[in-house]
Amino acid sequence: MKKYISLILLFGMVITACQKILNISPVSQTTDATSFITYQNFQTYAWGLYNYMDGYGVGAAMPSNFGSQEANSDNIMPNTILTGYETGLKIAPTAAGAATNSLTIANWNFTYVRSVNLMLDHIDQSSLAVSDKNHWRSVGYFFRALRYYDLLAAFGDVPWIEHATTDTSGDVLYGPRTSRDTVAQNILNNLIWAEANIKVNGDGTNTINRNCIQFLIARFGLFEGTWRKYHGLTNANTYLNASVTYSQKLLSTLGSTVSSIMSSYDDVYNTQGLIGKPGMILVKQYLSAGYTGSGSNGSNHQSVRYCGSNSANWVGDVAKNAVESYLCTDGRPISTSVVYAGDDSMYHTFRNRDRRLYYTVIPPYRIKYKTPTITNVTGASDTLWTYDSNPDWGSYIRLMNDTLKSVNKHLHLQAFSIDMKSGDIIPNIPHFTLYQNTLSSPTGKIVASVANYMGYYYWKLYNRLPLTDGSNYGSVNDCPLFRLEEVMLNYAEAQFELGAFTQAIADQTINVLRQRANPTNWPAMKMVVGSIDANFDKNRDQTVDPVLWEIRRERRIELFGDGFRFNDLKRWAKGSYLINQALGVRVNNATYGNKLSISGGGATGYVFYQPAATGWNDKYYLEPVPIQEILLNGNLVQNPGY
Amino acid sequence: MKLTAKMRSSKDSGFIDSSDSHALLCKTIKIMKLSAVLLLLSFQIYAGTYSQNVSLSEKNVKLTKVLDAIEKKTGLYFWYDQLLLDKTEPVTISCHNLPWNEVLSSILHPQGLNFNMENGTIVITRKPLTMPDSLTIAMPIPPLKITGVVKDPDGNPLQGASVRIKGASSGVVSNAYGIFKISANEGEVLEITVIGYKPFTTVIHSNNNDLIVVMQTDVANLNDIVVVGYGTQKKTNVIGSITTVKMDDVLGDRPVTEVSNLLQGAAPGLLVTINSGQPGAPQSSTTNLNIRGGTDFTGNTLNNSSPFIVMDNIPFNGSLSLIDPSDIESVTVLKDAGSAAIYGARSAFGVILITTKKGHKNQKAQFSYSNNFVTSTVAELPQKATPTQFIQQYIDGGNLTYQGQSTSIWQTQLAAYQTNPKSYPGGYTIQNGVYMQLAPTDALKQFLGSSANQQMHNFSVSGGNDKTTYRLSFGTSTENGIIVPEAHQDYFNRYNLKSIITTDVNPWLNLQVDAGFNSSTGAQPFYQVGIASDAFQQISNITPLVPLDTVPGIGVVSSPKYWVMNTAPINTTSNESRITGRAVLKPVRGLTITGEYTIDRFNTLVNTYDKYATGVTYTGAATSVGTSGGVYTKQNGLTNYNAINLFGTYNRSFGLHNTTLMIGFNQEQSHAESTTASRGQLINPSIPSLNTAVSTTPTASDSYTDYANIGYFGRLNYDYKNKYLFQVNGRFDGSSKFPDGHRWGFFPSASAGWRVMEENFTKMLKPYLNEFKIRGSWGNVGNQNISAYSYNGIMSPSVPYWLNNGTQVETVNQPTQIISPNYTWETVSTLDFGADWGIIKNHLTGSFDWYKRDTKGILTNNAVQLPVTLGTGAPLVNAGSLESKGVEIQLNWKDKIGKVNYYFGINLSDYQTVVTNVPNATNVLSSLYTGQKMGNIWGFVTDRLYTVNDFVAGSLDANLKNGVLLPGIPKTYNTSNSSIQAPNPGDILYKDLDKNDTINIGQNTLTNHGDKKIIGNSTPRYQFGINGGVSYKNFDFSFVLVGVGKQDQWIANDMTFPNYWAGQSTLYSNELNYWTPTQTNAYYGRIYTTTGVPVGTGVPAANQDVQTRFLLNGAYLRVKNLTLRYNFPEKVLKASHLTKLQLFFTMEDPFIFDHMPKGVYPDVVRSGSGSGGGQGYPFMKKNSVGLNLSF
């Protein structure tokens, strides 16, 4: 028996000796208990929050704000199918979407809110000095406001979540939506507090600082103020006043003259190394992928690649309506301009126009290949073409290359290639998907790149900087996120809505932008507030004040393609603009082998591709809440109409 | 000899197989202490005085009882063979104060027994070969008296061997020493049979009347010893659901290097899924082992439901592809909880026990060598449509141009080429300066070589004397893949070295060292795996009009093959050293204590060179793959694992009551870490390394995983007359993966069995029904297969998409899920009823099992539905339960007709799993819901195609698009972007089940699912394996078939839909029947090529929604192996001093019978995607020849 007792004792010894090995904690991994102690910890964590600012996107997709704000608007025609807004067939999604970026049509997603709250919740327990605590709280408030701004714009009422939730936070998880009034007020209050408490210079160059907060108040104030005004809500002026107040602060800091902003409109979009350039408040920087060693960390984007091809991932058909909104060089809209040449052809349409049009939509041209069958040569595609017989066909090439000496918007156009010297020479603009033949040699080689359906091709982000990152064709032009030009537009519009818009304000804002874009037509193009009357633009939406119409026009043009238009239309309650059928250039169909669809069916006329939109529903001003979220939380009420 | 006799007997009575004894390696101080205690314990046992006298009085009692009494009184320790004593007569003794040796003499000598003292132990043996009179068999006196000994291969005597003269009606039986005596005439044939061994025959000569017969084990016999958890059992006494596979049976001479591949179809209920024909594929986790299926809680299961793999008692953590199958003796699959539960924590989804080969005692050194030379060719490939058909499809889709040339010119030129191919010597033309490929190209064929080679060699030597056994083996295999063979970037090589040595230090201690080293190197083209979507998927898009070689004026153009030739492979090296030391102590009779310590070191090294390569496309445009400047990445992983097992087994019989008690302790610790370093800008692409990369910003990262388990376990077996069998198991387990306070779990199980044929009332059936056993078990097992540290809110580092003023910064992400502090073990309880039988002289053997497995408290966060306002993943909680029910049948027939021996076996398994509980409050179908049958496929019911008549007359344009639907005709819903779309004629119209004029998915919940319904189930039903063979004279032939009886598969890719990626796709010959204005009665819907829209945004996506029409039948039958073998006759062997020489020819994976389009396989999937067949590494047909020889 002794033996068995010994054995049992033996097992007992082993038992007691070994239990400790079960206590294992992670090596080399941080937890929320160790991530928020020092100033450095907070800074490290906060870098992740900057991801929200998408800029030109990451990798192969088009910038998310472009897709959601421009292709959903009257600026750009979607080239696949009409959106649900236009067909009137939009329905509520079943499940909530994935993570989001700034200025997209926000998904019902609160991951980012939690990310910010996690930091905010850990400030008090940290070892920071009070001023540092205030600084990080301000940074957190800024990012959370940025996200709530998008949520508010999309859904109106949204649950306001002040702290990181757990699965037992029933009142948050299963509570009702917080009213728009409260959410908007929280955003504004948080931002105002942050403005007073953040470090003036943030955490160094191109970080969230006091200017950024003032900027966001100016942007958000205008959005919420006008939304309230045009959707019949109260307190519009609270937000408009905030917009004005903080715009003024920024304008007084950063200036409001032509020298306060970059000298070239095109350079704003196509510069590598934008940080520190005049007017730049916050920039998303891109670098060659070799930098990170992996090429997958989003250090570059692919806008140039998609501008320089005709990929399905890129929507680039600019609507005639948008082209027509650009002023003529006499400072007047096409309806009353004496220098407007009409639209018999694209060459006519582009004559004597605000030059921002040329930097946004490819001007018309037509060239000849020296050898009709050779459209590209590695490293030397440039040399393959000559001017075609008709001098008109080369007029915009000469204008862009010789007169404007444009670097990026150099014509002829060349399809993207890794060195931006080897791609196909595009033989003519317009260049139609449905007729890709070369006009000068219709039986010659067909070039499929940079073709679209309606003729007006968006190319604002096209530049000739070599691409990097091998087969990913990365572009490294930086993206302006917050810039003084937008402050000027926000300020002008907010002042108008408050009834305080004057020539002086116009000269500080709109006229600065116009002069920068059109230095040789200055002061012909100057906005003279007193001379804008009901007849200034015959094509004006008659429900909009003539001066406000011009302020909105300036916004549309200066910010064309930057991801504002859809939200602008929504806050102005102008969703109805979407139902106009998108048309393109005016052509003689015979020139294009009669392959195009002509509005009205004639031999000449405006090209169209998508059928006419069938209707905008006012319910679309707010996005539907995902069905499953409503099923999970009975206190969530769907937005009206869905 | 004495000791081995002892061991044999313990084996037979269902005890620990002590020939597995291993030495205990004292690695840590703790272990040192342990062994010290053990030694001390052993010394105590015989340290008492034994020179005393004995007083004793017993009447008619068992000899063992007398010995026990003497043992108690004197402190003497006896060592004997239980069987030896079982056969003795009862003893009557009365003595007073006699010396112990006199007492022993008086009781042992009359019984034919001897004794002597060795190292303080009294060892009882039989008297040397003088036959006891009592064993003389009464027979008519023949001319010759034959005496012999029957032994097993280990040299242990075999009792009960039936010995007879061939043709005679009766014979004799060997006694406890294996000795028999029989009379025979010269020239007669003596036949000896023992159940479990191959029959032995010999011709009687006058000079061989003193025979030593060594019986050879018969592997397929019912009376096998099977390996069970921490021990062995006689197969007849097994009451769990266990299947044993002898590796030599399934391996045979197959050209297969991988264990799991061999197990496919070999055991019912063991489901082996092989998804790829890639060499060494299992290392890339495309091979999946699963016992009884139905364990995944969600598609992306959190819980690893793989079976627990144990090799010689020690968990095996590496990849099975590292093991040389030739080193494996048997694989035992423990399926029910009753048999698996002894492994506790990790056995929830069954256990696979691998037993390696060992040497045998008293065996002459045996040298074996085998080789196998293999030629692999690709099995059937998908067939692209012809160029003409392809261009026609482009035109039908509304596309005007292709490759910069109008589609009408393409048509004309292709037609001209068809008429007179000879006038186009290069198979191309140039029109308008555009190169036009006219002869069809096939990128896949170009990518794959015509054949690849493989070689396997295995050499082993084994043997032993009466104290020591050894086995040493060395094996190599080199397997080349089929991807661009000339690049030699696709291979898997392995070598294995293994040795096992056991020795009896003394009668009570056996030490063992088992050491193995496995090493593999493999490579895969970077182009195949390093690119965003794998090569096979990319290649499947390439049209037959894309030039692949040389284009005039441009030169060599880039093609998949070109990229492989110009990039560098990803090299993977794995090394594993595994050493086990074991000590087996037998301190007292019936008790065996085994201590083992294993250290297992596993290293992997992965070198990836993302080489930058440039090329030109067929249009002359510059193109490239890889990262500019190149990036070299080295990933180094180390797993350091150690395990301690300490267990004791005690068996004792009380009359007809036999009991065995086993208790034990097990501890595992694993530490894994890996380091990854990466650096760009290589200065010399031909010497890729971190040193030759000059980027100033190299990146590096590391990761660690540690876990530990502790378990205490016990098992009690009891049987009465080997007829009524019972077993209870208990295990108490702790795991480091759970939060403190929730770490420990207790998991019991119980089994019972009844051998019906041992009853008196079934005796009359015995000639027909030789064996019939009914058994049942129930058990509860825990599962902890979650990642380590799950209860910590890990914030992983990442590089944000934000550059801080020109510098790269790092950040940490918020935890991906919140932490619930209360989660603990998931429990799996299994109820199993089964039967085993042997009919008609055991010609027909088989087993049947029915089981129900309930998985409760499933550790998951996937299934928990929380509002997204939470902002992160739901916590890991014990939520939800599953119930699987299944059956398994195995039947084997073995017989001979004349000189033809044949066998045939089939095994079949089937199961279905139902979600019995899940926290899906809204019953949304995107998640699991309570009552759901796993594998259900929800989809639309295809009605027909929209026709022109469904639209308002005149509303359609010239292309039959953009029309206005007539009232009452349902609109189309597009699930991929949740929108309603206006269809065009030719689009697919689904049945409007909810009659709301819109095809929709409602709220996508169980109660409101719009027009979707369950249209099929993807669970593979009736999975079977069939094997058989015949042998005639020196030839034998065998085959292995595997398959699935019923399965639905939804496969959406280029091979199953015409122009799957609108405008970026090609066309396959099985996809020609699509809608056009003139072909309205088509199988496929309208195709769209003009928009270039990827699937998911346009109408094509709606046409490709999951639906009844295109649901594929996944049933198949695959011929895994055919082997033809020639055994050289004995004459040849004798002349060449060989004991065996075989030549063989085998075919692996030669055929498959299925219902899929050509080149699409029900069992091949695209790597990294579950989307189905046709885009993965194809299976290879392997033809091989080789030889086996032994001497």
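The structure is a predicted model, in which local features need pLDDT of at least 70, side-chain atom pairs count only at pLDDT 80 or more, and totals for chains, interfaces and linings use all residues. Residues are numbered from 1 along each chain as its sequence is written, chains are lettered from A in the order in which they are written, and side-chain values use heavy atoms, without hydrogens and water.

**Nonpolar cores**

- The largest nonpolar core holds 172 residues; such a core is a set of buried Ala, Val, Leu, Ile, Met, Phe, Trp, Tyr and Cys residues joined through side-chain atoms within 4.5 Å, where buried means under 20% relative accessible area (1.4 Å probe, protein chains only).
- Phe143(A), Tyr148(A), Ile208(A) and Phe501(A) touch the most other members of this core.
- Helix H6 (residues 130-155) of chain A supplies the largest share of the core, 14 residues; helices are DSSP runs of H or I, at least four residues, and strands are runs of E, at least two, numbered from the N terminus.
- A second, separate core has 69 residues, including Ile483(B), Tyr562(B), Ala613(B) and Ile1015(B).

**Sheet in chain A**

- Strands S6-S5-S7 of chain A form, in that order, an open sheet with antiparallel pairing; two strands pair if DSSP finds at least two bridges between them.
- S6 (385-387) and S7 (428-429) of chain A each have a single partner strand, so one side of each lacks a neighbour in the sheet.
- Strand S5 (residues 365-369) of chain A is joined to S6(A) by three bridges, and Lys368(A) stands opposite Thr386(A) in S6(A).

**Val1030(B)**

- Val1030(B) lies in strand S60 (residues 1021-1032) of chain B.
- Val1030(B) has 39% relative accessibility and therefore counts as partly exposed, the class between 20% and 50%.
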